Amino acid sequence: MQVEYSLLARTVEGEIAPFALGQGLGMVPWSPLKNGFLSGKYRRGTQVTDSARAAFVGGPTDAEFTVIDTVAAIADELGTTSAAVSLAWLRARQGTVVPIIGARRVDHLERNLAGLDVTLGPAQLRTLDEVSAPTLNYPAPMHGALRAMLQFAGTTVDGEPSTIYPPLVQSDTRY
Amino acid sequence: MSLDHYVTLGRSGLRVSPFALGAMTFGEDPGGAGCGVEESEKILATYLDRGGNFVDTANFYTNGHSEKILGDWFAAHPGRRGHVVLASKFFTNLFPGDPNGGGAGRTSIIAQLDETLRRLRTDYLDLYWLHNWDKNTPIEETMRALDDLVRIGKIRYIGFSNTPAWVTAQANTIALPQGLDAIDRSAGRILVVGPHGRG
């Protein structure tokens, strides 16, 4: 399925991404850098001059800059580009995720291809997951930790840990 | 409009009141924010006396007390249970430490239903809801198990709650007779693959 998917566009995770995973369909994200917002050239408080798209799409919002800054910090940590980190995050998603990269110059292409050599660690993935967490429509919010807690009651299943629903601990009476 | 102006629930032969009575607040046990047995029974009796016939609960509401309160009331009022549409739900695991205690696998559905029927003091449910998406279990297994329970008379209708649209659409397709036949054929193929290879 070809869908918009990036650290700045994750609402696909509500229905289509789990559907694709459940049915064994690959996902091919377009705009994996969100119009270049995740390329590394957008910095909070500065005007981007080297962009052909800014004229069409404007600039990032404050909330988007929070994600952009986090990506840039991880890119600095790894000595790579923001584009590479953003694409590596997509490659680390569950199932088959093959982003479509776009370039206006060869150096754009090189900065994107650098993402093939970046492996994000668990802590970096968690940081990126959390800072970019989307607000999903019902019923998606019920399918995360709440589902695991209610179904698995403290056990770990298929690698996923769960907690125990507190009322079950607060009283032993079951009727 | 009053409670005894009934509606047909979807494309089915089941007639229900325009408002269902939710029993999540029956019992003062942890997790329910509910009321005591006496008040619960008054609420139930008032709803039924006004013509209400659709009562909804779940296995884990007030740690099982909700189902028990309903079951005790119907046991104490012979002749009433057969005239209500009694609905409960499965999914939530009441057995910490047991990975099969909840969810929508064959074993766990059967065990959860037995417990629900025991607490409700009845031998069938009118409607049995899947309470959440079990992403670790094939939907074919869930639907086969639920249809088996329909066939042996322990449940009469199947409902889905809080599930994604695509899972629900898949289940609905399976629920057509040809869909269940396809599962049977597929299960038949699996059965002949034993420890000695493909038979």
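Helices (H or I, at least four residues) and strands (E, at least two) are DSSP runs, numbered from the N terminus. Residues are numbered from 1 along each chain as written, chains are lettered from A and ligands numbered from 1 in the order written. The model is predicted: local features need pLDDT of at least 70, side-chain atom pairs count only at pLDDT 80 or more, and totals for chains, interfaces and linings use all residues.

**Exercise 1.** Find how many helices and strands chain B has, then work out the order of the strands in its open sheet.

*Solution.* Start with the count: chain B holds 6 helices and 9 strands. Next, follow the open sheet of 5 strands, which reads S3-S4-S5-S6-S7 with parallel pairing; two strands pair if DSSP finds at least two bridges between them. Now look at the edges: strand S3 (21-22) and strand S7 (155-160) of chain B each pair on one side only. Finally, 2 bridges link S3(B) to strand S4 (residues 54-56) of chain B, and B:Leu21 sits opposite B:Val55 in S4(B).

**Exercise 2.** Compare the radius of gyration of chain B with that of a compact globule.

*Solution.* The radius is taken over C-alpha atoms, and the globule rule is 2.2 Å times the number of residues to the power 0.38. For 199 residues a compact globule would come near 16 Å; chain B has 18 Å, which agrees. As a further step, view the C-alpha trace of chain B along its principal axes: the spans are about 60 × 40 × 30 Å.
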